[in-house]
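Dear colleague,

My notes on what was found in it follow directly after.

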Amino acid sequence: MTLRVWQRVLSIVRLLVALSCAAAELLISGGSITGVSLVFAAYALFAAAALFWPLLRHDSWRLPGLAIDFLLLFLFISS
């Protein structure tokens with residue numbers, strides 16, 4: 001596979017993880033919107049933007065994107 005195909009696959013996986021975190025947080029909170037669920041909704045929007053906006057796939061956004069993924073994963077684990 002080429003590098004662009006891997007970047008696209010990882011962006012799709014990021015979007016699926018973001019949507020599943022947002023859905024799980026909504027289910028855990030009983031359907032009510034909390035601050036944490038809003039954070040995961042914003043993360044899902046970021047993941048969708050990273051999938052469809054080529055600027056966010058540029059090399060300069062890889063480390064900040066990884067930091068966002070890391071922080072939100074630990075937020076999900078702790079909630």
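The largest nonpolar core of this predicted model has 11 residues: Leu15, Ala18, Cys21, Ala22, Phe40, Tyr43, Ala44, Phe46, Ala47, Leu51 and Leu72. Helix 1 and helix 2 (35-52) are the elements that contribute two or more residues to this core, and helix 2 provides the largest share, with 6 residues.

Arg14 is located in helix 1. Its relative accessibility is 18%, and Arg14 therefore counts as buried, the limit being under 20%. Apart from neighbours within four places in sequence, Arg14 contacts Tyr43, Phe46, Ala47, Ala50, Gly65, Leu66 and Asp69.

The whole structure contains 2 aromatic pairs. In one of them, the ring centres of Phe40 and Phe76 are 5.8 Å apart and the planes stand at 85°, so the pair is edge-to-face. Because Phe40 belongs to helix 2 and Phe76 to helix 3 (residues 62-78), this pair ties together parts that are 36 residues apart in sequence. Phe40 is buried, at 0% relative accessible area, whereas Phe76 is partly exposed at 25%.

Phe70 and Phe74 also form an edge-to-face pair, with ring centres 4.7 Å apart and planes at 70°. These two residues are 4 residues apart in helix 3 and are thus separated by about one helical turn. Phe74 is partly exposed, with a relative accessible area of 43%.

Finally, Val5, Trp6, Val9, Leu10, Val13 and Val17 make a nonpolar surface patch of about 490 Å². Within this group, Trp6 lies in helix 1 (residues 3-28) and is partly exposed, at 45% relative accessible area.

With kind regards

Note on methods. Residues are numbered from 1 along each chain as its sequence is written. This is a predicted model: local features need pLDDT of at least 70, side-chain atom pairs count only at pLDDT 80 or more; totals for chains, interfaces and linings use all residues. Side-chain values use heavy atoms; hydrogens and water are left out. Patches are made of residues with over 30% relative accessible area and no salt bridge: like charges are joined within 9 Å, nonpolar side chains (Val, Leu, Ile, Met, Phe, Trp, Tyr) within 5 Å. Accessible areas come from the Shrake-Rupley method with a 1.4 Å probe; for residues, only the protein chains shown count as cover. A salt bridge is a side-chain nitrogen of Lys or Arg within 4 Å of a carboxyl oxygen of Asp or Glu. Buried means under 20% relative accessible area, exposed over 50%, partly exposed in between (1.4 Å probe, protein chains only). A nonpolar core is a set of buried Ala, Val, Leu, Ile, Met, Phe, Trp, Tyr and Cys residues joined through side-chain atoms within 4.5 Å. Contact means heavy atoms within 4.5 Å. Rings of Phe, Tyr and Trp (its six-membered ring) pair if their centres lie within 6.5 Å; planes under 30 degrees apart count as stacked, over 60 as edge-to-face and the rest as tilted.
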